[in-house]
Each structure stands twice: as C-alpha cells, then as structure tokens.
Amino acid sequence: MILKPFMREGIMPLPVALISTLSRDGVRNIAPYSCIMPILRPLDLICLVSAARRDTLVNIRETKEFVVNMVGVGFSDKIVPTARYAPPEVDEFQVAGLEEKRSETIRAPGIAGSYAWMECALFKEYAEPGFVLIVGKVLRLEVADEVLNATGELDVAKARPLMMTGSRNGMHFCTLTDIGEFHPFGAMFPNGKDPLAGKYAE
Ligand SMILES: Cc1cc2nc3c(=O)[nH]c(=O)nc-3n(C[C@H](O)[C@H](O)[C@H](O)COP(=O)(O)O)c2cc1C
C-alpha cells in the first residue's frame, strides 16, 4: 500500500510525552507532544516540534523552561483532555485531574505519576512559518525507581511507555515489548570500545 507522504506517523510509532509549562502569570499548562526526540548521544539536548499556535510554545518562549513528562499507558485517558483546546487562562492540571510534582531546577512543575521527568531550559528555537523546533537543555532527569530493572535500566514491561501511531481517522495508542536482544555500544566500533563510555561513569 502506498500512503500519502504526510502519513509518516502511520508507519512510525511515536512516544506520547506530556509537556508541562507555566504561563508568565503562573497558569499551569499541559499538552501531549509526540514530535519529540533526543539530539544525539551523549548530548543533554532534546528537541520538540511545535505548531506555531500552542500555549506550550508561548509559555516556553516567555518562561524559557518546560518539563517533559514521560507517561505510561495508564495516562491514555489524559491525552484527549489535555490535547483539546483550552484558553491560556485555564489550569490544565485541573482540567485533566492531574497532580503536580515539584521540579527541583525550574519553576514549571512536573506531573505526578509519570515514570520519568526531564526538567528543561530553552536552549534554542528554529522558527519556520508553520512550526517551531524547540531545543531544550535537560537540567535534571529523574526516573521512578519502580520502572527500573535490577541493574538500573528502564524495564519497558514495568514502564509501559505510552506511544501512538496515526491513521486516517485518528490516533491508535500502544506500548513497547522488549525483544530480549542487547548489544553494547562498543559493538559499533572497530576496537569494540565505546568512545563515550566515560560519560556514563558515576
Ligand atoms: C498524541 C498527541 C500528540 C501530539 N503531538 C503534538 C506535537 O508533537 N506538536 C504539537 O504542536 N502538537 C501536538 N499535539 C497537539 C497538541 O497537544 C494540542 O494542540 C494541544 O491542545 C496544545 O495545547 P496548548 O495550546 O495548551 O499547548 C498532539 C496531540 C496528541 C493527542
């Protein structure tokens, strides 16, 4: 089957993260974002793509900070309420019935019950007429101990990260399965050593 070129998310499962921000006046905002990715390893930068008309974008521009909340499938009923248009003066934590988790490095709160939180400062933005790439610098990255395995790595069976694919009619929510295959980063290099290994040292 040939799909229209714009239907990329139909063949590419995407994460569903909730971005929490504060307005200049301190109103709490939440919006789901799926156009989100880290920028290379081992940088501490993360990129979101925002449509031009988003309270999230206004808030990030005004306050220079945001939290990327990584949520599990238990948040699937919170996505539409936070994605629906709400005027900027509406507190979207209240709309969605979500509790805040105080951030340590920025004013914008995270969302309690997420499995991981990235407290970010605006690093740079690249504006085009219809969209804006927002690059955030992750100041603090926290993950809930309950979603880690015995060696401290994310256990996707415990976290059950919320993801989605798009179709003609809407969004299909899904999650991940670990296929039990592991290769060290060093396997990509001729000498078998990961040149970035030192970055992970305590
Ligand atoms: C699963 C999902 C993923 C979304 N991903 C994005 C995205 O990556 N970028 C974006 O600009 N809007 C995205 N949206 C739409 C926004 O969440 C939606 O327009 C929301 O109302 C924006 O809220 P705000 O104006 O409070 O920022 C997504 C919506 C859903 C349901």
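## What you are looking at

This is a predicted model, where local features need pLDDT of at least 70, side-chain atom pairs count only at pLDDT 80 or more, and totals for chains, interfaces and linings use all residues. Residues are numbered from 1 along each chain as its sequence is written.

Helices (H or I, at least four residues) and strands (E, at least two) are DSSP runs, numbered from the N terminus.

## Overall build

Of the 202 residues, 26% are buried. Buried here means that 20 or more other C-beta atoms lie within 10 Å of the residue's own; exposed means 12 or fewer, partly exposed is in between, and C-beta atoms are placed from the backbone. Among contacts with a separation of 6 or more, 58% join residues 24 or more positions apart. A contact means that the C-beta atoms of two residues, placed from the backbone, lie within 7 Å.

## The seven-stranded sheet

Seven strands make an open sheet in the order E3-E2-E6-E9-E10-E5-E4, and the pairing is antiparallel. Two strands pair if DSSP finds at least two bridges between them. At the edges sit E3 (28-33) and E4 (36-38), each pairing on one side only. Ignoring direction, neighbouring strands are turned by 30° against each other on average. Axes are lines fitted to C-alpha atoms, for helices over the stretch in contact, and angles run from 0 to 180 degrees between N-to-C directions.

Inside this sheet, E2 (residues 17-22) and E6 (residues 65-70) run antiparallel, joined by four bridges. Here Ser 20 stands opposite Val 67 in E6.

## Helix H1 on the sheet

Helix H1 (residues 55-63) packs on the sheet and touches E2, E3, E5, E6, E9 and E10, with its direction at about 50° to that of E2. Its buried residues are Asp 55, Thr 56, Leu 57, Asn 59 and Ile 60, and what covers them includes those strands, E2, E3, E5, E6, E9 and E10. Just after H1, Lys 64 takes a positive phi of about 65°.

## Around the ligand

How many residues surround the ligand? There are 18, and the closest are Ala 31, Cys 35, Asp 55, Thr 56 and Ala 83. To be near, a residue needs its C-beta atom, placed from the backbone, within 6 Å of the molecule or strand. E3, E5, H1 and helix H2 (79-83) each give two or more residues to this shell, and E3 gives the most, with four.

By class, the shell has twelve nonpolar, four polar and two charged residues. Ala, Val, Leu, Ile, Met, Phe, Trp, Tyr, Cys and Pro count as nonpolar, Asp, Glu, Lys and Arg as charged, and the others, Gly among them, as polar.

E11 (residues 163-166) and E12 (residues 171-174) pair in the antiparallel sense over four bridges, with four residues between them. Met 163 stands opposite Cys 174 in E12.

These two strands belong to an open antiparallel sheet in the order E1-E11-E12. E1 (14-15) and E12 stand at its edges with a single partner strand each, so one side of each has no neighbour in the sheet.
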